[in-house]
Amino acid sequence: MKVQETGLILFVENYNACVDYYENKLKINKRSEKKDLTTFDISTGYLMIERGGVSSNKEKSRGQNPTVLRFDVFSLESAVLELKSRGVEFIENRLDFDWGKIAVCNDPDGNRIEIGEINQASASYIKVKE
(Lines give C-alpha, C1' and ligand atoms only; values in the text may rest on other atoms or scores of the structure.)
Protein backbone atom coordinates (compact mmCIF):
# COMPACT_ATOMS: atom_id res chain seq x y z
CA MET A 1 0.00 0.00 0.00
CA LYS A 2 1.36 3.40 -0.95
CA VAL A 3 0.02 5.94 1.54
CA GLN A 4 -0.64 9.41 0.17
CA GLU A 5 -1.25 11.08 3.54
CA THR A 6 -2.00 10.15 7.12
CA GLY A 7 -4.75 11.77 9.14
CA LEU A 8 -6.34 11.65 12.54
CA ILE A 9 -10.08 12.16 12.99
CA LEU A 10 -11.16 13.44 16.39
CA PHE A 11 -14.90 13.22 17.05
CA VAL A 12 -16.00 15.94 19.48
CA GLU A 13 -19.16 17.09 21.20
CA ASN A 14 -18.18 20.75 21.71
CA TYR A 15 -17.41 21.24 18.03
CA ASN A 16 -17.21 25.05 17.87
CA ALA A 17 -15.14 25.30 21.06
CA CYS A 18 -12.74 22.60 19.84
CA VAL A 19 -12.31 24.19 16.41
CA ASP A 20 -11.62 27.53 18.10
CA TYR A 21 -9.13 25.89 20.48
CA TYR A 22 -7.07 24.20 17.75
CA GLU A 23 -7.23 27.22 15.44
CA ASN A 24 -6.81 30.16 17.82
CA LYS A 25 -5.10 28.79 20.91
CA LEU A 26 -2.84 26.13 19.41
CA LYS A 27 -2.57 28.10 16.14
CA ILE A 28 -2.78 25.07 13.87
CA ASN A 29 -3.41 26.10 10.26
CA LYS A 30 -6.90 25.36 9.01
CA ARG A 31 -6.97 23.46 5.71
CA SER A 32 -10.72 23.32 5.10
CA GLU A 33 -14.04 23.71 6.84
CA LYS A 34 -17.52 22.32 6.24
CA LYS A 35 -20.64 22.43 8.40
CA ASP A 36 -19.64 19.68 10.86
CA LEU A 37 -16.05 19.03 9.84
CA THR A 38 -12.86 21.10 10.04
CA THR A 39 -9.47 19.91 8.86
CA PHE A 40 -6.17 21.26 10.14
CA ASP A 41 -2.70 20.78 8.67
CA ILE A 42 -0.21 19.06 10.93
CA SER A 43 3.36 18.15 10.00
CA THR A 44 2.51 14.48 9.51
CA GLY A 45 -0.72 14.99 7.57
CA TYR A 46 -3.98 16.30 8.94
CA LEU A 47 -6.10 16.55 12.07
CA MET A 48 -9.83 16.46 11.38
CA ILE A 49 -12.29 17.74 13.98
CA GLU A 50 -15.76 16.32 13.43
CA ARG A 51 -19.08 16.44 15.29
CA GLY A 52 -20.24 13.25 16.96
CA GLY A 53 -18.04 12.69 20.00
CA VAL A 54 -18.63 12.79 23.73
CA SER A 55 -17.09 15.45 25.94
CA SER A 56 -15.83 15.34 29.48
CA ASN A 57 -15.40 18.24 31.90
CA LYS A 58 -12.03 16.75 32.91
CA GLU A 59 -9.36 14.76 31.11
CA LYS A 60 -10.89 11.69 29.49
CA SER A 61 -9.78 8.35 30.87
CA ARG A 62 -7.96 5.84 28.65
CA GLY A 63 -11.27 3.96 28.50
CA GLN A 64 -13.03 7.04 27.10
CA ASN A 65 -10.22 7.98 24.71
CA PRO A 66 -7.15 5.72 24.49
CA THR A 67 -5.21 8.25 22.39
CA VAL A 68 -3.10 11.32 23.09
CA LEU A 69 -2.41 14.12 20.64
CA ARG A 70 1.33 14.88 20.84
CA PHE A 71 2.84 17.96 19.27
CA ASP A 72 6.64 17.90 19.48
CA VAL A 73 8.38 21.28 19.56
CA PHE A 74 11.98 22.45 19.67
CA SER A 75 11.62 24.31 22.99
CA LEU A 76 9.02 23.15 25.50
CA GLU A 77 9.45 26.16 27.78
CA SER A 78 8.94 28.64 24.94
CA ALA A 79 5.92 26.76 23.64
CA VAL A 80 4.29 26.58 27.08
CA LEU A 81 4.79 30.32 27.64
CA GLU A 82 3.38 31.12 24.19
CA LEU A 83 0.35 28.86 24.66
CA LYS A 84 -0.33 30.22 28.15
CA SER A 85 -0.36 33.74 26.67
CA ARG A 86 -3.19 32.53 24.38
CA GLY A 87 -5.20 31.14 27.27
CA VAL A 88 -4.19 27.47 27.22
CA GLU A 89 -4.39 25.99 30.72
CA PHE A 90 -1.89 23.27 31.53
CA ILE A 91 -2.45 20.34 33.88
CA GLU A 92 1.32 19.81 33.95
CA ASN A 93 3.82 22.46 32.87
CA ARG A 94 6.67 19.97 32.66
CA LEU A 95 7.15 16.25 33.17
CA ASP A 96 10.65 14.84 32.61
CA PHE A 97 11.48 11.46 31.10
CA ASP A 98 14.72 9.87 29.95
CA TRP A 99 13.74 10.55 26.29
CA GLY A 100 12.59 14.16 26.79
CA LYS A 101 9.89 16.21 28.48
CA ILE A 102 6.22 17.06 28.02
CA ALA A 103 3.58 19.52 29.16
CA VAL A 104 -0.05 18.38 29.37
CA CYS A 105 -3.30 20.18 28.58
CA ASN A 106 -6.80 19.21 27.48
CA ASP A 107 -8.95 20.48 24.64
CA PRO A 108 -12.53 21.64 25.44
CA ASP A 109 -13.81 18.05 25.11
CA GLY A 110 -11.28 16.65 27.60
CA ASN A 111 -8.97 15.09 25.02
CA ARG A 112 -5.40 14.91 26.32
CA ILE A 113 -2.80 16.93 24.44
CA GLU A 114 0.92 16.71 25.13
CA ILE A 115 3.45 19.27 24.00
CA GLY A 116 6.77 17.45 23.84
CA GLU A 117 10.45 18.16 23.49
CA ILE A 118 12.56 15.15 22.52
CA ASN A 119 16.17 14.90 23.69
CA GLN A 120 18.63 14.97 20.80
CA ALA A 121 20.00 11.57 21.87
CA SER A 122 16.49 10.12 21.63
CA ALA A 123 15.51 11.91 18.42
CA SER A 124 16.61 9.11 16.11
CA TYR A 125 13.16 7.50 16.27
CA ILE A 126 11.42 10.58 14.89
CA LYS A 127 11.86 12.63 11.76
CA VAL A 128 12.51 16.22 12.83
CA LYS A 129 11.50 19.06 10.49
CA GLU A 130 12.71 22.59 11.06
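What follows is a chat about salt bridges and a cavity in a predicted model.

Trainee: How many salt bridges does a search of the whole structure find?

Mentor: Start from the general idea that side chains of opposite charge can pair when their charged atoms come close. In this predicted model, a search of the whole structure turns up salt bridges numbering 14.

Trainee: Is arginine 31 buried, partly exposed or exposed?

Mentor: Buried means under 20% relative accessible area and exposed means over 50%. Arginine 31 has a relative accessible area of 37%, so the label is partly exposed.

Trainee: Which strand holds the lysine that pairs with glutamate 77?

Mentor: The side chains of lysine 101 and glutamate 77 meet in a salt bridge at 3.3 Å, N to O. Glutamate 77 lies in helix α2 (residues 76-85), so the pair ties that helix to a part 24 residues apart in sequence. Lysine 101, at residues 100-106, is in strand β7.

Trainee: Which residues join arginine 70 and aspartate 72 in one network?

Mentor: Arginine 70 and aspartate 72 meet in a salt bridge of their own, at 3.9 Å, N to O. Salt bridges that share partners extend the network, and joining Arg70 and Asp72 in it are Glu59, Arg112 and Glu114.

Trainee: What is the volume of the largest cavity?

Mentor: Rolling a probe the size of a water molecule over the atoms shows where empty space is left. The search finds one cavity of 30 Å³ or more. The volume of the largest cavity is about 30 Å³.

Trainee: How many of the residues lining the largest cavity are charged?

Mentor: The lining is made up of Glu59, Lys60, Arg62, Asn65, Thr67, Gly110, Asn111 and Arg112. Asp, Glu, Lys and Arg count as charged. The lining has no nonpolar residues and four polar ones, and the number of charged residues is four.

Conventions. Residues numbered from 1 in each chain as written. Predicted model: local features only at pLDDT ≥ 70, side-chain atom pairs only at ≥ 80, totals over all residues. Heavy atoms only, no water. Salt bridge = Lys/Arg side-chain N within 4 Å of Asp/Glu carboxyl O. Buried < 20%, exposed > 50% of the residue type's maximum accessible area, 1.4 Å probe, protein only. Helix = DSSP H or I, 4+ residues; strand = E, 2+ residues; numbered from the N terminus. 1 Å grid on protein atoms, 1.4 Å probe; cavity = no way out; pocket = protein on both sides within 12 Å on 5 of 7 lines; lining within 4 Å. Points joined across faces, edges and corners; volume = space filled by probe spheres on them.
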